[in-house]
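Please examine the structure below with the account that follows.

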Amino acid sequence: MADQTFRLPDLGEGLTEAQLVAWRVEEGAHVDVNAPLADVETAKAVVVIPSPYAGTIRRLHARPGESVAVGAPLVTFTTQGSPAAVEPESDAPRTLVGYGPGAPEAGVRRRARVAPSAASEPGADVRAAPFVRQLAKEKGVDLATVTGTGPGGRVTKGDVEAAASSPVATPAAPGLVKRPPVREEARAGDRRISVVGIRKAIARQMLRSVSTIPQFTEFAIFDASALMAAREKQKAGGRSLTPLPYFIEAMVKAVRAYPLMNSSWDDSRDEIVVKQAINVGIAVNTSQGLLVPVLRGADELDLHEIADRSAKLIEGARAGTLGPGEMSGGTITVTNVGASGPVETGTPIISPPECCVVAFGAIKPRPMVVDGQVVARPGAWISISVDHRIVDGALATEFLTALVGELEQVSA
């Protein structure tokens, strides 16, 4: 008989924590290998954690509704056989098979765990480049309190700057007593909503976007006559398509002409990374909040393949059935703000680390000048937000002009 403690594994994409939704087992129960242990909600989706051991559940280390850090104890088992017959315990977070990478990144060494001591520098056991540590020291930020958003949880320059701009990150001067925060006076009927799981991840992502990316937005209106005619032709042929596949197809063509729009900024090296594949994130409004499933290899798909795969992703996002791998890896994002109402346009927020997000408004009759005459034609607003570190205004205008041109020349 041997006790084995199973720690919450990294479910993919460097996630740091997950919220326990529900246990599927109870203490004292016997489980087999790969039997479902619990449902957990990550920043990407709700997933089922399988058992890595066969044995008896000795202890469940968390309660439903609690957040569990990656690497923290989740379940302790009593297993059959000698300790040598089972996998040895390790403090290092493990990657769950099927949900994330199975080995360290090439060229990246695992850091050794350093025993804490009184002489240790604060944040010494945190993954961060030397210049990031120096920046944290200059700004008075304790790296141990910063959640890294870089590869493998590495703390980036942007993470430090975001922490420095937060009031809670400013350390108290020596000798001063830190006063407790002032709480708002509670009123009858007030309701508090716990921000965990996906909603917490959305909040962090949006804060990271607006605090670390210098972004600007440009707007345009396009004539949707050709697009609507193409839809009618498809409908007559027995296939009904929404405008979204046409939007995505036009985006892909515009990105091919301006590949810098399909890039990201590498904080650790101060480099621009131009992506080879065009993986389109599709913003979807769900009961859990805004989710962004990713249509991978959109540049290799035809119109109908785009329509079929995007529809399945949207359905899966709303049903909560997508895995983390289907919710990550986007290189450029599209949001159809006019799909749920008569919204003209908006200022979309970039999804880090992407360079560009494109928003489409509602298609409806609009006054347009054609051959010197004002006529009513279907049209819609387009707005793009871009990372000004990568793209200047002139290039953004050229890309938006190309996108408008593709949409106005749509064919069935």
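Pro 353 lies in the loop between strand E16 (332–336) and strand E17 (356–360); helices (H or I, at least four residues) and strands (E, at least two) are DSSP runs, numbered from the N terminus. A cis peptide bond, with omega of about 5 degrees, links Pro 352 to Pro 353. Most residues other than glycine have a negative phi, and most peptide bonds are trans.

The model is predicted, with local features requiring pLDDT of at least 70 and side-chain atom pairs counted only at pLDDT 80 or more, while totals for chains, interfaces and linings use all residues. Residues are numbered from 1 along each chain as its sequence is written, and side-chain values use heavy atoms, with hydrogens and water left out. The pLDDT, the predictor's confidence in each residue from 0 to 100, averages 81 for the protein, and 78% of the residues score at least 70. Over residues 82–121 it stays under 50, and the model has 47 contacts (heavy atoms within 4.5 Å) beyond four places in sequence for them. Residues 168–179 also have pLDDT below 50, with seven contacts in the model beyond near neighbours in sequence. Where pLDDT is low, the predicted coordinates should not be read in detail.

A nonpolar core is a set of buried Ala, Val, Leu, Ile, Met, Phe, Trp, Tyr and Cys residues joined through side-chain atoms within 4.5 Å; buried means under 20% relative accessible area, exposed over 50%, and partly exposed in between (1.4 Å probe, protein chains only). The largest such core has 53 residues, and Phe 222, Ile 248, Phe 360 and Ile 382 have the most contacts inside it. Helix H5 (residues 243–257) supplies the largest share of this core, nine residues. Leaving aside neighbours within four places in sequence, the contacts of Phe 360 include Phe 222, Met 251, Trp 381 and Ile 382. A second, separate core of 23 residues includes Val 25, Leu 37, Ile 49 and Leu 74.

Ile 49 also belongs, with Val 47, to the covered face of strand E5 (residues 46–50), whereas Val 46, Val 48 and Pro 50 form the uncovered one. Strand E4 (residues 36–41) runs antiparallel to E5, joined to it by five bridges; two strands pair if DSSP finds at least two bridges between them. Val 40 stands opposite Val 47 in E5.

Asn 34, in the loop between strand E3 (30–31) and E4, has a positive phi of about 75 degrees although it is not a glycine. Asn 34 counts as exposed because its relative accessibility is 58%.
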